[in-house]
Amino acid sequence: MTGPQQLRGARFAGIGYYVPDVVLTNADFEKTLDTTDEWIVSRTGIRERRIARPDQATSDLAIEATNRALADAGLTPKDIDIILVATATPDMPFPSTACLIQHRIGATQAAAFDITAACSGFIYGVTIAQSLIVSGKARRILVLGVETLSRIMDYEDRATCVLFGDGAGAVVMEACEPGDGVLGSYLRSDGSFAELLYLPGGGSRRPLTEERLRNREQYVKMKGDGLFKYAVKAMVGAAMEVLREAGLTTADIDFVVPHQANIRIIDGVLSRLHVPPEKSIINIDRIGNTSSASIPIALGEAKEKGLIKRGDRILMVAFGGGLTWGALLLKY
Ligand code: UT7
C-alpha cells in the first residue's frame, strides 16, 4: 500500500485497449444452442461479444492494446522496465506471453512475466507493479489484462459460452510523487472454491488424453449460481476495505470501474456502495465478460468517452475464478 511516508508513488501514465472486430451476437447463439436473446440479456446483460480471428492469439490482442497505451503515455517500448501480463489464456503454457510481447515490440530493456488470477488478474497485476515501482526496482511497467477466452469455451455448453469474450487492456505505470497514482489495493483469495470456475484438462493434474478431450476437459467448467452468491459480497467487501485503509468513503470517489461478469452483479455492487450509475461504466452488453481484460478495457472506454479525467479518484473492483477478488484505488 502506498502512504504519505513513501518516497514515491506509481501512476497510470497511459491506457489502451483493443477488442477484435468479429462480433458474436445472441442471435448467433440462438441458431446453435437451446437459448434465447431474452434469457441471455435478462440474466446477464450481454447482447454481443467479440471473438479473436483464428490467426489472433493472446499476444496479438495484447500488442494492439500495448501500442495504444504507449502512445497515450508518449513512450516507446524501450522505456519499459517490466512487462506484466495477467491472463488465463496465454499463447502457450510457456514461455510467458509477456516474453513473446517483449520480443515483438522490441522492449529490449524489460523483464517479462505472466500472472494468473483469473478475472482479478488486472487488480493483482497493478498491485505487483505498484510495489515494484514504489520499491525502486522499476520506473515504468506495462501491465496487461488480456484474454482469448473463446479458445477455451465449450460452444456446446450454453451455461458458459454465451458469457465470455476476447479482448485486451493495457496500462503503462510509472513512478510519480507520493500521494498520486495508486492510493491502495486489497487482494484476497479462497481456493476451496476452485471448482466453481476452472479448466480441468491440460495441466499437470490431468494432461490431455483422447478420452479427456472426448469428455471436453479442455474447456471451462463453471457453476454460475455458486459464483453469483459470493460475487457481490466479495466485491463490496473489497471496495469498503480499500476505502477504509485510505481513509475515504464512496462519497470521495469520482468513478467506479467494476469487473463486467453480469449486469445483475454490477448493479448489486453499485447500489450497495451507493454509487449512481452515471459514476460507473457498463460495457458487458457489447463485449461480454473478458475476465482479466474487463477492467482495463472499461477504463480505456471511460477515458475515451471523457467520463474520467486526470486527478479523479477511481475505484476498481473485481471478482473471479480461484476464487480471487480485490479492489484498487487510483488517483488518475
Ligand atoms: O467473471 C467472474 C466469474 N463469473 C461470475 O461471477 C458469474 C456469476 N454467475 C452468473 O453470472 C450467473 O449465475 C449466470 C449468468 C451464469 C447464470 O444465471 P443464473 O440466474 O444463476 O442461472 P442458473 O445458472 O441458476 O440457471 C438457471 C436456468 C437453468 O435451467 P434449469 O436447471 O433451471 O432448468 C440453466 O440450465 O437457466 C438455464 N440456462 C440457460 N437457459 C437459456 C443456463 N444457461 C442458459 C442459457 N440459455 N444460455
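In this predicted model, the shell around the ligand is made up, by class, of 12 nonpolar, 7 polar and 5 charged residues. Of the 24 residues around the ligand, those that come nearest are T35, R43, H259, N262 and N289.

In N262, a polar side-chain atom lies 2.7 Å from an oxygen atom of the ligand. For N289, an N or O atom of the side chain is likewise placed 2.7 Å from a ligand oxygen atom. The side chain of H259 has an N or O atom 2.9 Å from an oxygen atom of the ligand. On its own, the ligand has 950 Å² of accessible area, and the protein covers 72% of that.

As for its location, the ligand sits in the second largest pocket. Several elements give two or more residues to the shell around it, namely the helices α2 (37–44), α6 (158–161), α8 (224–246) and α9 (263–272), together with the strand β12 (313–320). The element that gives the most is α8, with 4 residues. Seen at the level of domains, the ligand lies between domain 1 (4–178) and domain 2 (183–331), because both of them give residues to the shell.

Turning to the backbone, a few places deserve a friendly flag for anyone about to work with these coordinates. Most peptide bonds are trans, and most residues other than glycine have a negative phi. Against that background, the peptide bond from F94 to P95 is cis, with omega near 0°. P95 belongs to the loop between β4 (82–86) and α4 (97–105). Another cis peptide bond joins G322 and L323, where omega is about -15°. L323 is in the loop that runs between β12 and β13 (324–331), and β12 is also one of the elements giving two or more residues to the ligand shell.

A further backbone feature concerns phi. R216, a residue other than glycine, has a positive phi, near 65°. Its place is in the loop between α7 (210–214) and β10 (221–222).

Terms used
Residues are numbered from 1 along each chain as its sequence is written. This is a predicted model: local features need pLDDT of at least 70, side-chain atom pairs count only at pLDDT 80 or more; totals for chains, interfaces and linings use all residues. Side-chain values use heavy atoms; hydrogens and water are left out. A residue is near a molecule or strand if one of its heavy atoms lies within 4 Å of it. A polar contact is a pair of N or O atoms within 3.5 Å; within protein, one must be able to donate a hydrogen and the other to accept it, and residues adjacent in sequence count only if both atoms are side-chain atoms. Accessible areas come from the Shrake-Rupley method with a 1.4 Å probe; for residues, only the protein chains shown count as cover. On a 1 Å grid over the protein atoms alone, a cavity is a set of points where a 1.4 Å probe fits but cannot get out, and a pocket is an open set with protein on both sides within 12 Å along at least five of seven lines; lining residues have an atom within 4 Å of a point. A molecule sits in a cavity or pocket if more than half of its atoms lie within 2 Å of its grid points. Ala, Val, Leu, Ile, Met, Phe, Trp, Tyr, Cys and Pro count as nonpolar, Asp, Glu, Lys and Arg as charged, and the others, Gly among them, as polar. Domain bounds come from an automatic or database domain assignment.
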